[in-house]
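Please consult the sequence and the model shown here.

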Amino acid sequence: MFFQNSNKISCLESDPARIAREMQSLLKWLTDNPNINARMDYENLAFFLRSCKYDLERTKKKIKCAKIQFEDFYQMRADRPEWFSQRNPFLPEVQQLLELGVFLPIDGVDDEQRKVVVVRTAAHDPKLHTQNNVFKVSKMVLDLLLQMEMENCSRGIVAIFDMNGVQLGHALQLNPILIKRSVESWQAYPCQPKKLEFVNSPTHVNLVLNTFRVFMTPKMRSRVLVQKHGCSIKCDNLPKELGGNGPDYKELTIKWKRLVEENSKFYQEDEKYKISEESIVPDYLYDLANICAI
């Protein structure tokens, strides 16, 4: 039964038999470690394997890593309840941010077949919305996107951070610990960020970005691009606000708000997939690592 859906992913790799062997080993490991509480469907595990270049040990580390300096995917989901619990799309604070369109996947892919998302860093009012709630709603949209477009996302994510309208209040929401957790969350997801492009950037943007860079791996730092004007991403469906011919922010916001609401049962089910409580590393240990890193 487990391998009946393998045809959905096998097109991504020329050696399906190899995937099957690695998958069997990974499935056995997860069965032997029930505290991880990972999604056990073929597509999800194949996604993790491909993001780790089909290296089984690297995949295991990605799913469950013991080092406190790096938040792996399921550990992160347990350690960050402010992002991964109470994800009812109809909660007032979630509805408000969905209506603002803080995180918007673009239709289709770029010229390198990667999925493109727009992060509207100043769409919310920092006096009304917490940054944790912004991250929560963004990850709700991202998690649904991964389920809907697994093949596109497996090639990597290109994130465009539209900084139009950024004010001091937005920057003040981002303390170093929250910045570190945000960076680690991108590195923990199985869909790797291939480019992080900041557009409509104010002159002082590097004051904040330099803190982000401190917590990035060298590879991720090399993928950051800052633009004062224009956008370098080649994608047929870029929103009009970014100089493209695709649906504008309003249209994308309506679309993704509807999709999130229609998939409320997905979020209810998805909330249980995380490291069990007895395996959680206490926050103070992470915070100690944060202080040492700073």
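## Strand pairing and a loop glycine

Valine 116 has valine 158, in strand 3, as its bridge partner. This is a predicted model, in which local features need pLDDT of at least 70 and side-chain atom pairs count only at pLDDT 80 or more, while totals for chains, interfaces and linings use all residues. Residues are numbered from 1 along each chain as its sequence is written, and side-chain values use heavy atoms, with hydrogens and water left out.

Helices (H or I, at least four residues) and strands (E, at least two) are DSSP runs numbered from the N terminus. Two strands pair if DSSP finds at least two bridges between them.

| Strand pair | Sense | Bridges |
|---|---|---|
| Strand 1 (residues 103-109) and strand 2 | antiparallel | four bridges |
| Strand 2 and strand 3 (residues 157-162) | parallel | six bridges |

Phenylalanine 103 has valine 119 of strand 2 as its bridge partner. Five residues lie between the strands in the hairpin of strand 1 and strand 2, where glutamine 113 takes a positive phi near 65°. Strand 2 (residues 115-120) is mostly covered, with five of its six residues buried; buried means under 20% relative accessible area, exposed over 50%, and partly exposed in between (1.4 Å probe, protein chains only).

The loop between strand 3 and helix 10 (168-172) contains glycine 165. Glycine 165 counts as partly exposed because its relative accessibility is 43%. Not counting residues up to four places away in sequence, glycine 165 touches Ala122 and His170, where contact means heavy atoms within 4.5 Å. Proline 202 is 37 residues from glycine 165 along the chain, and their C-alpha atoms are separated by 8.9 Å.
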